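The points below are grouped by topic.

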Amino acid sequence: MPRKELEFDYTVETLSIVDEEGNVDKALEPKLSDKELLDMFRWMLYSRRVDERQLNLQRQGRIGTFPQSTGHEAIGLGSVFAIEKSDWFVPAYRELVCFLYRGWPLERLLLYWAGFEEGAVPPEGVNDLPICVPVASQLLHASGIGMANNIKGENKVVLTYFGDGSSSEGDFHEGINFAAVFNAPVIFVCENNQFAISEPLHKQTRTKTIAQKAVGYGVPGVRVDGNDVLAVYVATKEAIERARKGEGPTLLDCLTYRYTPHTTADDPKKYRSDEEAQKWAKREPLIRFAKYLEKKGLLNDEKRQKMETEIDEEIKEAVKKMETLAKSKELMEPLAMFDFLYADVPVHLEVQKHELAESLGRGDEVSTKSNPQRSIAGTAKRGG
Amino acid sequence: MAEINMAKSINMALFEAMEKDSRVVVLGQDVGIDEGVFRITEGLHAKFGDKRVFDTPLAESGIIGTSIGMAINGLLPVAEIQFAGFDYYAYQQLESHAARFRNRTRGRVTVPMVMRAPSGAGIRALEHHSESREAIYCHTPGLKVVMPSGPRNARALMHAAINDPDPVIYYEPKALYRLFKEEVPDEIEVMPIGKAQVVRPGSDITIISYGATMRPCLEAAELLMEEDGVKAEVIDLLSLMPLDTETFVNSVAKTGRAVVVHEGPRACGVAAEVVSRINENVFLYLEAPVIRLTGYDVPVPYFSKEKFYIPDTDKVVEACRKTLRF
């Protein structure tokens, strides 16, 4: 075998539909109704306002540390808008807009950040998983869900999310590789915001894009303008069509910027410049989408103001509901920590539950019938 | 009634479970065409085909992570990790996800899956192929851990593991795969997880063990009877998480003496937990300190010296005599 070059039929497509001034490429513009377009904007705006309100609540100590999602609205909404309710949503943790769009009540999402497991319970009627904190680990769940779809002969697709930092993890590789090998209908959406806490993209990978990594798995990879909701929507729609036709997974590399700190506990001033942040601020997805809608005559300041007022009222209500729930007896019940680990509470947990109940002065509330300590203590003792 | 070895009985259980329930799928490296390196999945691929018995890429985190996804999406995956020594790659998926989904979602999302893996030493295997690290999984809230000690209970425990609504680690003491045969009944037996068995009744001392070390424990009990006239009660834990405290503390309350035997390392091992529970429950019944007879806190030596590491019959007899002399 002499030395020569092997050719591959791989390219990395890039996609952007609306530019920073709101001008649209007519040839690529998706056929969405005015109502759908305004809906999309409203969800994005809603998510943005929630994010801002959450920061406020966190600073007041009313919820805990959380990762902000400002600037990620186009990726989240553009992709989730393209799937059906019966499809699967397997999130990471910066997909606030997706949760809202999928019908998770806002007060539940707030509960999660307020420190309640109840906030991680998916609502009835959707195939959603809760927030996943360990990065890239959820990609395997998405692939497994997709593999099971093939085994069961269902035609649901799976949408899963991760960041650029996740692409360094073994589970990123294993997740896409499994989906590729088993031709699972999974769309891997990289929210490439160019930072893994303090580490810039070039510390995570030597490749120019995340999209080109798809080549290594034999699947399509597309570099998408992650601040352009229409580009994300179109790219996802096409990936979904391929998946539904039985053509397997797609990797979408949606380029954006992390407009905020990693979490509310992080200070990005230490590791990135103001100039860079300002440059990206002008490109953020709401501004761009609003300009596009304004040019189409669908949106103006007055309409936007009206939307914001309504949204703020909804958020206010949800915060109130969350704080009521957070004080409720049911949600504040510490003994519940033993009740959901296994389908049935095993004896050792019953014993430990009793131990906590006693320390709370509520020992009588917990049955001790299967507590061996009790059953044996009743018999005569030998020795000392 | 058929007389079969443990390799065959686990295979039989998988076969029966797959026939009974179309949600059961078997996956892992080499489990399909090759029928598993220990032939545990023999005949399954031929019978059930690619959709239900399939070879995966060689990636333990991938195998377990995708099994989690499949379980969430309505299947009952039985994932094989070729050797327990490689399941550490998958530990993150087990700890962070398999074990926690039910709790995290207050019961909405559950993970009814089984991870099975050949465990333990004694077959002159190469490095990384002889560990007994079941304690790691017992220490992981949300997982169940079982370990059979013979063909009959291996089959019954496999059925229980597959039926279980929670993730189960099913460790197979590979030294026993073809060591001996037992009669198994024609009808399917299901053994409850979380239940130990008194496999030999006695009144003078309690020997508690599980898995591969059950054989030397039973031999030791026989020897103690023959040579010392000592009636040892022998308990097979079978399920290591949840652990059946009641059965062994009741036995120790009766005998006043106990030796706990396993192959895994001593520090923070299953025996340490058993001894603690004896202390917590029946300390005042004890006539002697409880002895732990376990593997040492070193990596299992390469096979030229592995026999010095594994608790054998002589060591069990000696530990019992020491307890009885106290």
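In strand E9 of chain A, A:Thr250 is the bridge partner of A:Ile187. The structure is a predicted model, in which local features need pLDDT of at least 70, side-chain atom pairs count only at pLDDT 80 or more, and totals for chains, interfaces and linings use all residues. Residues are numbered from 1 along each chain as its sequence is written, chains are lettered from A and ligands numbered from 1 in the order in which they are written, and side-chain values use heavy atoms, with hydrogens and water left out.

**Strand E9 of chain A**

- Helices (H or I, at least four residues) and strands (E, at least two) are DSSP runs, numbered from the N terminus.
- Strand E5 (residues 186-192) of chain A pairs with E9(A) in the parallel sense over six bridges; two strands pair if DSSP finds at least two bridges between them.
- Strand E8 (residues 221-225) of chain A also runs parallel to E9(A), with five bridges, and A:Val224 stands opposite A:Cys254 of E9(A).
- E9(A) spans residues 250-255 and is largely enclosed by the rest of the structure, because five of its six residues are buried. Buried means under 20% relative accessible area, exposed over 50%, and partly exposed in between (1.4 Å probe, protein chains only).

**A:Tyr112**

- A:Tyr112 belongs to helix H4 (residues 106-113) of chain A.
- A:Tyr112 counts as partly exposed because its relative accessibility is 22%.
- Not counting residues up to four places away in sequence, A:Tyr112 touches A:Gly119, A:Ala120, A:Ile131 and A:Val133; contact means heavy atoms within 4.5 Å.
- From A:Tyr112 to A:Asp128 is 16 residues in sequence and 15 Å in space, C-alpha to C-alpha.

**Interface of chains A and B**

- In chain A, 51 residues are in contact with 57 residues of chain B.
- About 4300 Å² is buried between chain A and chain B, and carbon and sulfur atoms give 63% of this area. Buried area is the accessible area (1.4 Å probe) that two parts lose on being put together, summed over both.
- Two salt bridges are found across the interface of chain A and chain B; each is a side-chain nitrogen of Lys or Arg within 4 Å of a carboxyl oxygen of Asp or Glu.
- A:Glu118 and B:Arg106 form a salt bridge, with the closest N and O atoms 3.8 Å apart.
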